[in-house]
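The following report describes the fold of a single protein chain.

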Amino acid sequence: MDRIGQHLGNYRLTRLLGEGGFAEVYLGEHTLLGTTVAIKVLHTQVGQEDVMQFQQEARLLASLKHPHIIRVLDFGIEGRTPYLVMDYAHHGMLRTRHPRGTLLPVKTVVSYVKQVTEALQ
């Protein structure tokens with residue numbers, strides 16, 4: 001489904017950044033503030049019984065604060081489609097920086113592992 005140009009809450013979807021098995025991620029813009037964000041639109045549809053669970057999980061994600069974790073800024077459900085609004089990582093993802101099969105120097109791998117362990121701590 002092409003969602004470019006659609007609105008989710010106060011956000012307009014401007015460009016598809018990527019997609020996976022569970023969601024599509026779009027570049028978005030807050031229609032009033034003009035700020036740029038990433039919006040993860042989940043493929044699943046939530047029923048009334050799932051709304052509270054989604055809200056609890058979104059609040060938990062929003063409470064995570066660390067330099068190596070992308071912040072969740074907002075969330076919502078448009079119709080039955082849940083979405084998360086997150087900081088936009090201007091430098092992209094590791095997946096695009098280092099395509100599958102790319103051999104990285106051990107020093108680079110160690111740096112990434114340290115960042116992940118710091119965030120998990």
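## Gln6 and its surroundings

Leaving aside residues up to four places away in sequence, Gln6 touches Tyr11, Arg12 and Leu13. The model in which these contacts occur is predicted. Gln6 belongs to the segment before strand E1. With a relative accessibility of 29%, Gln6 counts as partly exposed, because the partly exposed class lies between under 20% for buried and over 50% for exposed. Gln6 and Gly28 are 22 residues apart along the chain, and their C-alpha atoms are separated by 9.7 Å. One of the residues that Gln6 touches, Leu13, itself stands opposite Gly28 in E3.

## The sheet

Six strands form an open sheet in the order E1-E2-E3-E4-E6-E5, and their pairing is antiparallel. Its edge strands are E1 (7–8) and E5, each of which pairs on one side only. The pairings from E1 to E4 are set out below.

| Strand pair | Sense | Bridges | Residues opposite each other |
|---|---|---|---|
| E1 and E2 | antiparallel | 2 bridges | Leu8 and Tyr11 |
| E2 and E3 | antiparallel | 7 bridges | Leu13 and Gly28 |
| E3 and E4 | antiparallel | 7 bridges | Tyr26 and Ile39 |

Strand E2 comprises residues 11–19, and strand E4 comprises residues 36–42. E2 and E3 make a hairpin with 3 residues between them. A hairpin is also formed by E3 and E4, with 5 residues between the strands; in this hairpin Gly34 adopts a positive phi near 80 degrees.

Helix H1 spans residues 48–63 and contains 16 residues. From its first C-alpha to its last the helix reaches 24 Å, close to the 22 Å expected at 1.5 Å a residue.

Which residues of H1 are buried? They are Val51, Phe54 and Ala58. These residues lie on the same side of H1, because they cover an arc of only 70 degrees around the axis. The face of H1 turned away from the buried side carries the exposed residues Glu49, Met52 and Leu60. Strand E5 (72–78) and strand E6 (81–86) are among the elements that cover the buried residues of the helix.

The ring centres of Phe54 and Phe75 are 5.9 Å apart and the ring planes stand at 80 degrees, so the pair is edge-to-face. The reasoning rests on the angle, because planes over 60 degrees apart count as edge-to-face. Phe54 lies in helix H1 and Phe75 in strand E5, so the pair ties together parts that are 21 residues apart in sequence.

## The chain as a whole

The chain has 3 helices and 6 strands. Read from the N terminus, its elements follow the order β-β-β-β-α-β-β-α-α. Along the principal axes, the C-alpha trace spans about 45 × 30 × 30 Å. Of the 121 residues in the chain, 23% are buried. Among contacts with a separation of 6 or more, 37% are made by residues 24 or more positions apart.

An unreviewed UniProt entry carries the annotation "domain: Protein kinase" for residues 11–121. Over residues 11–121, the chain is 32% helix and 33% strand, and the end C-alpha atoms are 32 Å apart.

Note on methods
Residues are numbered from 1 along each chain as its sequence is written. This is a predicted model: local features need pLDDT of at least 70, side-chain atom pairs count only at pLDDT 80 or more; totals for chains, interfaces and linings use all residues. Side-chain values use heavy atoms; hydrogens and water are left out. Two strands pair if DSSP finds at least two bridges between them. Helices (H or I, at least four residues) and strands (E, at least two) are DSSP runs, numbered from the N terminus. The expected span of a helix is 1.5 Å times one less than its number of residues. Buried means under 20% relative accessible area, exposed over 50%, partly exposed in between (1.4 Å probe, protein chains only). The arc is that of the directions from the helix axis to the C-beta atoms. Contact means heavy atoms within 4.5 Å. Rings of Phe, Tyr and Trp (its six-membered ring) pair if their centres lie within 6.5 Å; planes under 30 degrees apart count as stacked, over 60 as edge-to-face and the rest as tilted. UniProt positions are given in the numbering used here, feature names are shortened, and annotations may be inferred rather than shown by experiment.
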